[in-house]
Amino acid sequence: MPSKNYHLTASGLLIAIGILLPVAFHSFKLGGQIFLPMHLPVFMAGFMLPWKFAGAVGLITPFLSFLFTSMPPVPAVFSMMAELFTYGFVTSIVYNKHRLGIYSSLIASMLAGRFVSIVSNWIITEFIIGKTFNFVKFTYGLFVVALPGIAIQLILIPILVKLIVIRQQKRESE
């Protein structure tokens, strides 16, 4: 079983990747809302780490990214913190604790995170900003505009999990 030092180090590395990857995408004019680069290291945290660490990676990454790069902007940073916390937390619980497969875990956490995103954005828009929340437009953005990012997640994350997580588990059992 990996040590707490391993979990802290892996968390720090994934947070750093979660801050730098969107910067790289934006420097090539590849929109974050389309390709979802910050989501990738958070999902990997869910597969690699216990739920406390994976949830922390999801919570901390957008906040530190905002502090260092002003992305995502206020108030989106707060809903992204909730959404990405959910991705890391749910992926870790479903994959590591309940032992569901890679795709089942990924899809379950993608749906849970998007639900949390809808609810948190609704709360921020309606109750904090005082504007009308456009559910259809927002949901369209989460599921249609983000299709390239969803495709990247569904293709790349299972490959990375097999290369990193499953190889790590084999090493530990030897």
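Modeller: Start with a cut-off: an angle over 145 degrees between two axes counts as roughly antiparallel. Keep in mind that this is a predicted model.

Colleague: Why are helix 5 and helix 6 called roughly antiparallel to each other?

Modeller: Helix 5 covers residues 76-97 and helix 6 covers residues 102-129. They pack at an angle of about 155°. The cut-off is over 145. Helix 5 and helix 6 are therefore roughly antiparallel.

Colleague: What else describes the packing of helix 5 and helix 6?

Modeller: Their axes lie 8 Å apart. The crossing of the two helices is right-handed. The residues of this contact divide into 12 nonpolar, nine polar and two charged.

Colleague: Which pattern does the protein chain follow along the sequence?

Modeller: The pattern reads α-α-α-α-α-α-α-α. The protein chain has eight helices and zero strands.

Colleague: What makes the protein chain as compact as a globular protein of its length?

Modeller: The radius of gyration is 16 Å. For 174 residues the globule rule gives 16 Å. The value is close to the rule, so the chain is as compact as a globular protein of that length. Along its principal axes, the C-alpha trace spans about 55 × 30 × 30 Å.

Colleague: How many of the 174 residues count as buried?

Modeller: Buried means under 20% relative accessible area. In the protein chain, 42% of the residues count as buried.

Colleague: What share of the contacts between residues at least 6 apart in sequence joins residues at least 24 apart?

Modeller: That share is 71% in the protein chain.

How values were computed
Residues numbered from 1 in each chain as written. Predicted model: local features only at pLDDT ≥ 70, side-chain atom pairs only at ≥ 80, totals over all residues. Heavy atoms only, no water. Axes fitted to C-alpha atoms, helices over the stretch in contact; angles between N-to-C directions. Helix = DSSP H or I, 4+ residues; strand = E, 2+ residues; numbered from the N terminus. Parallel < 35°, antiparallel > 145°, perpendicular 65-115°, else oblique. Left-handed = near helix turned anticlockwise from the far one by under 90°. Nonpolar A, V, L, I, M, F, W, Y, C, P; charged D, E, K, R; others polar. Rg over C-alpha atoms; globule rule 2.2 N^0.38 Å. Buried < 20%, exposed > 50% of the residue type's maximum accessible area, 1.4 Å probe, protein only. Contact = heavy atoms within 4.5 Å.
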